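My entries follow the display.

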Amino acid sequence: IERICARFGSESGGGYAFVTPEQFYGITEEDFKVSGAGFRANYLFTDREKLCDAAYIDFIRSLSTGDALAELTKLKGVGEKVASCILLFGMGRGDSYPVDTWIFKANKTDELDTPEKVRRFYLSRYGNLAGYAQQYIFYGKRNLKK
């Protein structure tokens, strides 16, 4: 992301701002590859039309979190974890609980033995604050190494 912003974004306070939808739409698949996106270059290029469409973004925002999650996973290369991150970090949906390797390791028990069980448990436990809980758990697991 940093390389894409540096190459295609605008300078901002000694760094680079995230690319605007107009700038993002103009990036080619090769540009994404050269910027280090690797196998994701094709996903970004393929999905850029929807990702740059304000009506599509508004549509996603209008949906319940569950429906938005289902809609986002229709994008090429977007699974449940990435869709959950989009909802939590990009759209402020506190009722989204992304489960990556760190979160799964931190939350796994005999009963919570799959990422989906972990996600459902923490969503039911914390509701609209689940995403905040996820961030504290993630920080603790990554930085405190417990």
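**Around α10**

I began with what covers the buried residues of α10: the cover includes α7 (80–91), α8 (101–107) and α9. The buried residues in α10 are Ala 130, Gly 131, Ala 133, Gln 134, Gly 140 and Lys 141. I take buried as under 20% relative accessible area, exposed as over 50% and partly exposed as in between, with a 1.4 Å probe and protein chains only. Helices are DSSP runs of H or I with at least four residues, strands are runs of E with at least two, and both are numbered from the N terminus.

I noted the basis of the values. This is a predicted model, where local features need pLDDT of at least 70 and side-chain atom pairs count only at pLDDT 80 or more, while totals for chains, interfaces and linings use all residues. Residues are numbered from 1 along each chain as its sequence is written, and side-chain values use heavy atoms, with hydrogens and water left out.

I checked the length of α10: its 15 residues should span 21 Å at 1.5 Å a residue, and its end C-alpha atoms are 20 Å apart, which agrees. The expected span is 1.5 Å times one less than the number of residues.

**Helix pairs**

I looked up α9 (residues 115–126) against α10 (residues 130–144): they pack at an angle of about 120°, with axes 8 Å apart. Axes are lines fitted to C-alpha atoms, for helices over the stretch in contact, and angles run from 0 to 180 degrees between N-to-C directions. The pair is therefore oblique; under 35 degrees is roughly parallel, over 145 roughly antiparallel, 65 to 115 roughly perpendicular, and the rest oblique. Tyr 122, Leu 123 and Tyr 126 in α9 meet Ala 130, Ala 133 and Ile 137 in α10, with contact meaning heavy atoms within 4.5 Å.

I then took α5 (residues 54–62) and α6 (residues 65–72), which pack at about 140° with axes 7 Å apart. These two are also oblique to each other. Here Tyr 56, Phe 59 and Ile 60 in α5 meet Ala 68, Glu 71 and Leu 72 in α6.

**Asp 31**

I found Asp 31 in helix α3 (residues 29–34). Asp 31 is buried, with a relative accessible area of 17%. Leaving out residues up to four places away in sequence, Asp 31 touches Arg 7, Phe 8 and Gly 26.

**Whole chain**

I recorded ten helices and two strands in the protein chain. Buried residues make up 36% of its 146 residues. The C-alpha trace spans about 45 × 35 × 30 Å along its principal axes.
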